[in-house]
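Me: Here is a structure to work through. Let us take it in short questions.
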Amino acid sequence: MSNIVRAGLVQQKWTGDKESMIANAVEAVRTAASQGAQVVCLQELFYGPYFCQVQDADYYSYTEGIPDGPTTELMCQVAEQNGVVLVVPMYEQEQPGVYFNTAAVIDADGTYLGKHRKNHIPQVKGFWEKFYFRPGNLGYPVFDTAVGKVGVYICYERHFPEGWRALGLGGARIVFNPSATSRGLSEYLWRLEQPAAAVANEYYVGTINRVGVEPLGDNEFYGQSYFVDPRGQLVGEAASDTEEEVVVRDLDMDKLAEVRDLWAFYRDRRPDSYESLVKP
């Protein structure tokens with residue numbers, strides 16, 4: 001019996017308002033589902049601009065509760081209607097004045113499964129995220145979904161190997177990395193870090209980026225969303241670097257056991273020797 005998971009990534013441009021971004025995302029999920037996708041991930045902070053290019057408290061208005069906010073509730077309906085697992089990155093309000101960069105995970109029957117809060121928060125020019133977000137406090141959860149165990153690692157977190165490994169140790173078969181990353185200093189890393197993480201941790205990675213120049217700054221988001229297998233090889237082509245796209249690919253889950261038996265990285269780990277890594 002085939003052990004294929006058909007997975008999708010949604011790469012969007014900022015439309016100018018939250019409502020149309022959500023509508024476009026819902027339509028993209030339907031498009032992916034019509035192509036047989038069983039799991040779909042949206043981009044970081046999917047319903048807004050990447051407002052972290054500036055420091056402006058007006059953008060706190062983009063926060064919502066998760067799971068009791070309107071977008072999570074809508075996406076639970078969309079997941080159920082289309083029979084797909086959804087990873088939905090949003091701007092979360094835990095309580096007034098306490099905000100997180102968060103991704104909700106929703107099962108294919110519309111059940112809210114939980115959330116990942118971004119743990120690693122940048123504060124550099126054009127990425128003023130500590131103005132908007134507290135560091136995550138939920139660790140590195142792995143979610144049991146209709147397509148198996150799924151993990152989430154958000155944007156800047158991809159520069160930190162520890163979380164990638166924690167997700168692998170939690171049993172993740174696919175890790176999604178929704179992002180908002182722009183041309184310049186780190187673009188060359190886009191095709192290096194996620195394949196390297198997939199190899200080191202022996203799972204699939206789906207990495208998503210937005211496209212276009214947004215009115216809040218001169219960052220040009222370069223798209224190029226893609227899936228990579230546990231050998232570090234792209235599954236099909238990467239998406240456009242300028243246009244919106246729905247990427248749907250078949251991920252062969254039998255390859256996970258094949259690669260893990262070949263390389264045996266988990267067998268050869270030495271956690272007894274790593275104590276110094278977690279000292280402040």
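Me: Is E94 buried, partly exposed or exposed?
Reply: This is a predicted model, in which local features need pLDDT of at least 70 and side-chain atom pairs count only at pLDDT 80 or more, while totals for chains, interfaces and linings use all residues. Residues are numbered from 1 along each chain as its sequence is written, and side-chain values use heavy atoms, with hydrogens and water left out. Buried means under 20% relative accessible area, exposed means over 50%, and partly exposed lies in between (1.4 Å probe, protein chains only). E94 has a relative accessible area of 40%, so E94 is partly exposed.

Me: Which residue forms a salt bridge with E94, the closest N and O atoms being 3.2 Å apart?
Reply: A salt bridge is a side-chain nitrogen of Lys or Arg within 4 Å of a carboxyl oxygen of Asp or Glu. E94 forms one at 3.2 Å between the closest N and O atoms, and the partner is R117. The pair links distant parts of the chain, 23 residues apart: E94 sits in strand β3, and the partner in strand β5 is R117.

Me: What is the relative accessible area of E92?
Reply: E92 also forms a salt bridge with R117, with closest N and O atoms 2.8 Å apart. R117 lies in strand β5 (residues 112–117) and E92 in strand β3 (residues 85–95), so this pair ties together parts 25 residues apart in sequence. R117 is buried, at 4%. E92 is buried too, because its relative accessible area is 1%.

Me: Which residues are linked in a network of salt bridges?
Reply: Side chains of opposite charge can pair when their charged atoms come close. The structure holds 19 salt bridges. One network of them links E92, E94, K115 and R117.

Me: Where does K18, the salt-bridge partner of E64, lie?
Reply: E64 and K18 form a salt bridge, their closest N and O atoms 2.6 Å apart. Both E64 and K18 are buried. E64 is in the loop between β2 (39–41) and α2 (70–82), 46 residues from its partner, and K18 is in helix α1 (residues 18–34).

Me: How far apart are the end C-alpha atoms of α1?
Reply: Helices (H or I, at least four residues) and strands (E, at least two) are DSSP runs, numbered from the N terminus. The expected span of a helix is 1.5 Å times one less than its number of residues. For the 17 residues of α1 that gives 24 Å, and the model agrees, with the end C-alpha atoms 24 Å apart.

Me: What arc do the buried residues of α1 cover?
Reply: The buried residues of α1 are K18, M21, I22, A25, V26, A28, V29, A32 and A33. The arc is that of the directions from the helix axis to the C-beta atoms. They lie on the same side of α1, because the arc is only 160 degrees.

Me: Which exposed residues does the face of α1 turned away from its buried side carry?
Reply: The buried residues of α1 pack against β1 (4–11), β2, α2, β3 and β15 (245–252), where contact means heavy atoms within 4.5 Å. The face turned away from that buried side carries the exposed residues E19 and S34.

Me: What is the radius of gyration of the chain?
Reply: The radius is taken over C-alpha atoms, and the globule rule is 2.2 Å times the number of residues to the power 0.38. With 280 residues, a compact globule would come near 19 Å, which agrees with the chain's 18 Å.
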